[in-house]
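Hi,

Here is the structure I promised to pass on. Have a look at it first, then read my notes below.

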Amino acid sequence: MNHTHHIIGLSGGKDSTATLLLALDRLTKDCIQPVFVDTGNEHPATYNYLSYLESYFSIQITRLKPDFTEEIAAKRRFIALDRRTGRDKHGVKLRWSNRRKREALAELKPSGSPFLDLCLLKGMFPSNRSRFCTDFLKTRVFVSFVDEMAQSHKKVIIWQGIRRDESDKRKNAKLFERVGPGFYYFRPLIHWSEKDVFQCIADHGLNPNPLYQSLGRVGCAPCIYSNKKDLRGLFNSDDGPEILQKMRGWEARVSRASKTGQAVFFQGKELAGAHLGEVHPLVFFQRHRIDAIQHWASKSTRFVGEDWQDFEKESSCSSEWGLCE
Ligand code: SF4
């Protein structure tokens, strides 16, 4: 058993960076472990920012990456052997058609990006109604890692960069919390404002992640919660054309791996009042392909559809571990 181990979940965003700075102010580097969980859908600027933090403080950030190789192999077996009969509650045949089987089996292979692999596995992208990304891509990986650390250390403290003024959900967050024997949460920013956070970063002579110049938050590029302004900033940035190209490829691949043959990244946005089920699926998916979203985001007028407004209110990924902003 070693000394107390301090784990800081990093997203590359301002709050987790300020939390790391406070830990470095108060503790020796040997008992601090900053941890970043790589979804494989991060903005290139975030990878660069993590390297910047590492060289600025001479520290090493532990990078974790989810792996879905086994699940993909199991799904391949399931599809190949699918001989079910009957229909689901919508009257759709349960069994994969031979054509869909062929296309899905050709596509269902580990891609090197956990985000894409998870979507290939699910045959869809996450949305506000089916938000599986944070859980599978961040939380589970981080919790397994913490559990491992808890086996080899007498005391583990997870530093969480969350603030009470962020949301109603967080307004009662405690400064210190015992989760179990030898396992605690410490939240040094709970009384801070956003301004305090940026000030702390500046006081340490550090730059915040440059993404804040064009985006409201740091996270996946894009994130299912990106609002119109974020998307415009993302697609207009130097990396915009590359990200757009990546998303075109991902939508094509996940569509082929899907039982319906259709998948779009921003399915939850429900643009132009078109809800899936209210218009023909072909129309719905055509309106929500990444190029249509990019075109929509480039227009300055504000869309007035109800779902879009509700969606914008959803605001963020909100991982309490500091892994997503
Ligand atoms: S940043 Fe967005 S897309 Fe990425 S895991 Fe969080 S909610 Fe999902």
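**What I found**

In strand S6, Tyr-185 is the bridge partner of Ile-158. Strands here are DSSP runs of E with at least two residues, helices are runs of H or I with at least four, and both are numbered from the N terminus.

Before going on, some housekeeping: this is a predicted model, where local features need pLDDT of at least 70, side-chain atom pairs count only at pLDDT 80 or more, and totals for chains, interfaces and linings use all residues. Residues are numbered from 1 along each chain as its sequence is written, and side-chain values use heavy atoms, with hydrogens and water left out.

**Around S6**

Strand S4 (residues 156–159) and S6 run parallel, joined by four bridges; two strands pair if DSSP finds at least two bridges between them. S5 (residues 176–180) pairs with S6 too, in the antiparallel sense and over four bridges. Here Phe-183 in S6 is the bridge partner of Gly-180. S5 and S6 make a hairpin with two residues between them, and Gly-182 in that turn has a positive phi of about 70°.

Which way do the side chains of S6 (residues 183–186) point? Phe-183 and Tyr-185 go one way, Tyr-184 and Phe-186 go the other way, and all are buried. Buried means under 20% relative accessible area, exposed means over 50%, and partly exposed is in between (1.4 Å probe, protein chains only).

**The whole protein**

There are 12 helices and six strands. Of the 325 residues, 50% count as buried. If you take contacts (heavy atoms within 4.5 Å) between residues at least 6 apart in sequence, 70% join residues at least 24 apart.

**Some helices**

H5 (residues 114–122) is mostly covered, with eight of its nine residues buried. Among them are Phe-115, Asp-117 and Leu-120. What does the covering? The cover includes helices H3 (69–81), H4 (98–107), H6 (133–152) and H9 (240–257).

In H8 (residues 228–236), the buried residues include Lys-228, Asp-230 and Phe-235. At the start of H8, a side-chain oxygen of Asn-227 comes to within 3.1 Å of the backbone nitrogen of Lys-229.

Cys-200 is in helix H7 (residues 194–203). Why does Cys-200 count as buried? Because its relative accessible area is 7%. Cys-200 and Leu-21 are 179 residues apart in sequence, yet 8.1 Å apart in space, C-alpha to C-alpha. Leaving aside neighbours within four places in sequence, Cys-200 is in contact with Ala-18, Leu-21 and Trp-192.

Gln-33 sits in strand S2 (residues 32–37). Gln-33 counts as buried because its relative accessibility is 15%. Its side chain makes a polar contact with the side chain of Thr-62 (2.9 Å). A polar contact is a pair of N or O atoms within 3.5 Å; within protein, one must be able to donate a hydrogen and the other to accept it, and residues adjacent in sequence count only if both atoms are side-chain atoms. Apart from neighbours within four places in sequence, the contacts of Gln-33 include His-5, Ile-8, Phe-145 and Met-149.

Happy exploring!
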